[in-house]
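Subject: The structure you asked about

Hi,

Here is the structure to open next to this email. Have a look at it first, then read on.

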Amino acid sequence: VQLQASGGGSVQAGGSLRLSCEASGSTFSNLHMGWFRQAPGKERELVAVINYSDTNTYYGNSVRGRFTISRDNAKNTVYLQMNSLKPEDTAVYYCAAQYATSWYRGRYDYWGQGTLVTVSS
């Protein structure tokens, strides 16, 4: 599975960004998809995950209510809409995938390159 993320950038606090991640190399509808992030000096954390059938989503506590994960199986793409951004959302955001034989909130084995999101106050 190959993952190509895009959409990062710089934004002021309160603004919005949308990240995209296109998957290839496997049947997209057989994959759970997720977004994770890692800020400087901190551990990687779960941002949001969505199951293969687009029937379940789960969000990290720090983003719940502000971020929305979605997928378009026809475009092999998962999105992360980020609203009401805060300086503490500044991080490298990673797209990840896992086969549907595993739990969608479990381990993710396939990772894309990160995309940097910087939120200024």
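Predicted model: local features only at pLDDT ≥ 70, side-chain atom pairs only at ≥ 80, totals over all residues.

**The four-stranded sheet**

Start with the open sheet that runs in the order E1-E3-E8-E7, its four strands paired antiparallel. Strands E1 (2–6) and E7 (67–72) are the edge strands; each has a single partner, so one side of each has no neighbour in the sheet. On average, and ignoring direction, neighbouring strands here are turned by 15° against each other. Further in, E3 (residues 17–24) pairs with E8 through six bridges, in the antiparallel sense.

Strand E8 covers residues 77–82, and threonine 77 belongs to it. This threonine has a relative accessibility of 8%, below the 20% cut-off, so threonine 77 counts as buried. A polar atom of its side chain comes to 2.7 Å from the backbone oxygen of lysine 75. Setting aside neighbours within four places in sequence, threonine 77 touches several residues, among them Cys21, Phe28, Arg71 and Asp72.

Two of those contacts turn up again as a pair: the charged end of arginine 71 sits over the ring of phenylalanine 28, at 4.4 Å from the ring centre.

The loop between E7 and E8 holds asparagine 76. Its phi is positive, about 55°, even though asparagine 76 is not a glycine. With 28% relative accessibility, asparagine 76 is partly exposed. Serine 84, in the loop between E8 and E9, also has a positive phi without being a glycine, in this case near 50°. Serine 84 is partly exposed as well, at 41% relative accessibility.

**Aromatic rings**

There are four aromatic pairs in the model. In one of them, tyrosine 99 and tyrosine 110 have ring centres 5.7 Å apart and planes at 90°; angles over 60 degrees count as edge-to-face, so that is what this pair is. Tyrosine 99 lies in strand E9 (residues 91–99) and tyrosine 110 in strand E10 (residues 110–111), so the pair links parts of the chain that are 11 residues apart. How accessible is tyrosine 99? Tyrosine 99 comes out at 30% relative accessibility, which makes it partly exposed. Tyrosine 110, with a relative accessible area of 28%, is partly exposed too.

Ring pairs also join Phe36, Tyr108 and Trp111 into a cluster. Elsewhere, arginine 105 lies over the face of tyrosine 58, 3.6 Å from the ring centre.

**Valine 117**

Last stop is strand E11 (residues 115–120), where you will find valine 117. Is this side chain's residue buried or exposed? Valine 117 is buried, with a relative accessible area of 0%. Leaving out neighbours within four places in sequence, its contacts include Gly8, Leu17, Leu19, Met82, Ala91 and Tyr93. Glutamine 12 is 105 residues away from valine 117 along the chain, and the C-alpha atoms of the two are separated by 11 Å.

That's the tour.

Cheers

Note on methods. Residues numbered from 1 in each chain as written. Heavy atoms only, no water. Phe/Tyr/Trp six-rings, centres within 6.5 Å; stacked < 30°, edge-to-face > 60°. Helix = DSSP H or I, 4+ residues; strand = E, 2+ residues; numbered from the N terminus. Buried < 20%, exposed > 50% of the residue type's maximum accessible area, 1.4 Å probe, protein only. Lys NZ or Arg CZ within 6 Å of the ring centre and 35° of its normal. Polar contact = N/O pair within 3.5 Å; in protein donor to acceptor, adjacent residues only side chain to side chain. Contact = heavy atoms within 4.5 Å. Pairing = 2+ DSSP bridges. Axes fitted to C-alpha atoms, helices over the stretch in contact; angles between N-to-C directions.
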